[in-house]
Amino acid sequence: IVAGATDVGLWITKQLRDLPKIIHVGRARGLDHVADTGLEVMIGAAATYATVEPYLRAIDPDLGELLRRLGSKQVRASGTVGGNVANGSPIGDTPPALIALGASVELRKGRRVRSMPVEDFFVDYGKQSREKGELVVGLVVPKLADGQVFRCYKVSKRFDQDISSVMGAFRFTVGEDGKIAEARIAYGGMAATPKRAKRVEVALKGALLRDSRAWAQAFAALREDFAPIDDHRASARYRGETAHALLG
């Protein structure tokens with residue numbers, strides 16, 4: 001089941017896989033909707049990157065830049081954020097950002113619709129929390145509240161039109177006194193799935209931004225949260241050092 005097929009298409013052209021049946025939902029009425037409710041952005045699973053970009057950019061400019069660097073203009077005109085999540089890749093660009101923002105994914109089977117946090121959708125490499133016959137039909141992305149700051153960074157061999165080696169996304173809730181009330185941090189390319197750095201979050205919660213001891217604890221916790229691997233995109237050491245630098 002595909003909407004843009006910007007990745008599945010490569011299974012055929014590059015891997016020479018035989019897919020006996022393909023169902024295209026890119027033109028299914030209603031699946032391509034995008035709506036701003038004031039508190040959140042609701043994204044249909046077949047809405048393209050190009051359609052979604054201004055809505056996410058309005059949440060934070062970093063999200064707009066993230067999508068601008070995602071593939072070519074042709075890919076952004078046909079590929080979908082819903083597909084980027086449903087694909088389940090550990091190096092997809094949007095999942096870490098969506099996890100850091102506290103977004104949820106909507107799944108449908110027949111008339112039954114259920115929702116879960118995006119972070120819970122990814123179970124293991126190539127495995128998602130999706131029942132047989134369930135489809136990803138949408139995403140709900142909360143806007144930033146007062147006191148919340150968001151940043152996301154994509155690191156790749158080529159600056160444009162390349163797959164991430166490491167992707168980091170960060171949302172901090174900071175009080176007027178400079179104290180971190182909450183931290184949500186997610187990385188891609190550091191594990192078998194896009195994953196939160198929960199030990200890092202704990203180390204930073206309640207700390208002052210200028211507290212060097214808390215940041216030292218957070219850097220140590222990062223090594224406990226992730227054990228990246230070597231592959232053709234980056235070495236484990238490079239990934240670990242880059243994740244550290246992004247957090248810093």
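How many helices and strands are there in the protein?

**View 1. The whole predicted model.** The protein has 10 helices and 11 strands. Helices (H or I, at least four residues) and strands (E, at least two) are DSSP runs, numbered from the N terminus. The radius of gyration is 18 Å, close to the 18 Å that the globule rule gives for 248 residues, so the protein is as compact as a globular protein of that length. That radius is taken over C-alpha atoms, and the rule is 2.2 Å times the number of residues to the power 0.38. The C-alpha trace spans about 55 × 40 × 35 Å along its principal axes. Of the 248 residues, 47% are buried. Buried means under 20% relative accessible area, exposed over 50%, and partly exposed in between (1.4 Å probe, protein chains only).

The model is predicted: local features need pLDDT of at least 70, side-chain atom pairs count only at pLDDT 80 or more, and totals for chains, interfaces and linings use all residues. Residues are numbered from 1 along each chain as its sequence is written, and side-chain values use heavy atoms, with hydrogens and water left out.

**View 2. Strand 7 and its partners.** Strand 7 covers residues 135–142. Of its 8 residues, 6 are buried, so the strand is largely enclosed by the rest of the structure. Strand 2 (residues 40–44) pairs with strand 7 in the antiparallel sense over 5 bridges. Here G44 has G138 as its bridge partner. Strand 3 (residues 104–109) also pairs with strand 7, antiparallel, over 5 bridges. There, S104 is partnered by V140. Two strands pair if DSSP finds at least two bridges between them.

**View 3. An aromatic cluster.** Y153, F170, Y187 and F226 form one aromatic cluster. Rings of Phe, Tyr and Trp (its six-membered ring) pair if their centres lie within 6.5 Å; planes under 30 degrees apart count as stacked, over 60 as edge-to-face and the rest as tilted. By this rule the count comes to 6 aromatic pairs. F170 and Y187 have ring centres 5.7 Å apart and planes at 90°, so they are edge-to-face. This pair links distant parts of the chain: F170 lies in strand 9 (residues 166–174) and Y187 in strand 10 (residues 180–188), 17 residues apart. Both F170 and Y187 are buried.

**View 4. Charges over rings.** R17 lies over the face of W11, 4.3 Å from the ring centre. The charged end of R69 sits over the ring of F159, at 3.9 Å from its centre. A charge counts as over a ring if NZ of Lys or CZ of Arg is within 6 Å of the ring centre and within 35 degrees of the ring normal.
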